[in-house]
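Dear colleague,

I am passing on the structure we discussed, with the sequence alongside. Please open both while you read the notes below.

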Amino acid sequence: MSEWQNSFQRLECRCPVCGTVQEWQDECERCHADIRILRRLADETYLLQRRCFEALTTGEHFRAEQAAEQLAQIFPTPLYEMLSRFVRR
Ligand SMILES: [Zn+2]
């Protein structure tokens with residue numbers, strides 16, 4: 001099991017339907033909503049962050065910009081918008 005999978009297993013998620021906080025699983029333990037998409041989003045976010053930071057450390061600025069822009073598009077949060085602006089500098 002990778003370092004990411006190990007840390008991922010310890011994280012919790014909040015069901016977007018009923019709000020129950022629980023360990024990652026395919027179905028909400030309370031309302032039985034299918035919450036697999038949350039895990040896919042978390043996986044995609046992790047991969048984009050990792051791609052962005054690796055590209056920054058190797059000087060691949062275009063690749064870093066692409067990853068940061070994707071993050072800001074998927075999650076238009078202040079953090080990812082700031083990262084996107086930082087990478088474009
Ligand atoms: Zn639920």
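The protein averages a pLDDT of 87, where pLDDT is the predictor's confidence in each residue, on a scale from 0 to 100, and 89% of the residues score at least 70. Confidence is lowest in helix 1 (residues 3–10), with a mean of 51, and highest in helix 3 (residues 61–74), with a mean of 93. This is a predicted model, in which local features need a pLDDT of at least 70 and side-chain atom pairs count only at pLDDT 80 or more, while totals for chains, interfaces and linings use all residues. Residues are numbered from 1 along each chain as its sequence is written.

The protein has 4 helices and 2 strands, and along the sequence they follow the pattern α-β-β-α-α-α. Helices (H or I, at least four residues) and strands (E, at least two) are DSSP runs, numbered from the N terminus. Of the 89 residues in the protein, 15% are buried; a residue is called buried if 20 or more other C-beta atoms lie within 10 Å of its own, exposed if 12 or fewer do, and partly exposed in between, with the C-beta atoms placed from the backbone. Two residues are in contact if their C-beta atoms, again placed from the backbone, lie within 7 Å. Among the contacts with a separation of 6 or more, residues 24 or more positions apart account for 9%.

The helices that follow the strands can be taken in turn. Just after helix 2, Gly59 takes a positive phi of about 80°.

In helix 3, the residues Ala64, Ala67, Ala68, Leu71 and Ala72 are buried. They cover an arc of only 135° around the axis, which puts them on the same side of helix 3; the arc is that of the directions from the helix axis to the C-beta atoms. Phe62 and Gln73, on the other side of helix 3, are exposed. The buried residues of helix 3 pack against helix 2 and helix 4.

Helix 4 (residues 78–88) has Tyr80, Leu83, Ser84 and Val87 as buried residues. Viewed down the axis of helix 4, these fall within an arc of 100°, so they line one face of the helix. An α-helix has 3.6 residues a turn, so residues three or four places apart point the same way. Pro78, Met82, Arg85 and Phe86 are exposed on the other side of helix 4, whereas the cover over its buried residues includes helix 2 and helix 3.

The largest nonpolar core has 10 residues, namely Leu48, Cys52, Ala64, Ala67, Ala68, Leu71, Ala72, Tyr80, Leu83 and Val87. A nonpolar core here is a set of buried Ala, Val, Leu, Ile, Met, Phe, Trp, Tyr and Cys residues joined through C-beta atoms within 7 Å. Helix 2, helix 3 and helix 4 each supply at least two residues of this core, and helix 3 gives the most, with 5 residues.

Not counting residues up to four places away in sequence, Ala67 touches Leu48, Arg51, Cys52 and Ala55. Arg51 is found in helix 2 and is partly exposed, with 18 other C-beta atoms within 10 Å. Leaving aside its neighbours within four places in sequence, Arg51 is in contact with Arg63 and Ala67; Arg51 and Arg63 are 12 residues apart in sequence and 7.8 Å apart in space, C-alpha to C-alpha.

Cys15 lies in the loop between strand 1 (12–14) and strand 2 (21–23), and is partly exposed, with 18 other C-beta atoms within 10 Å. Beyond its neighbours within four places in sequence, Cys15 is in contact with Thr20, Gln22, Cys28, Arg30, Cys31, Ala33 and Ile35. Cys15 and Ile35 are 20 residues apart along the chain, and their C-alpha atoms are separated by 7.0 Å.

Finally, His32 is found in the loop between strand 2 and helix 2. His32 has a positive phi of about 65° although it is not a glycine, and is exposed, with 11 other C-beta atoms within 10 Å.

With best wishes
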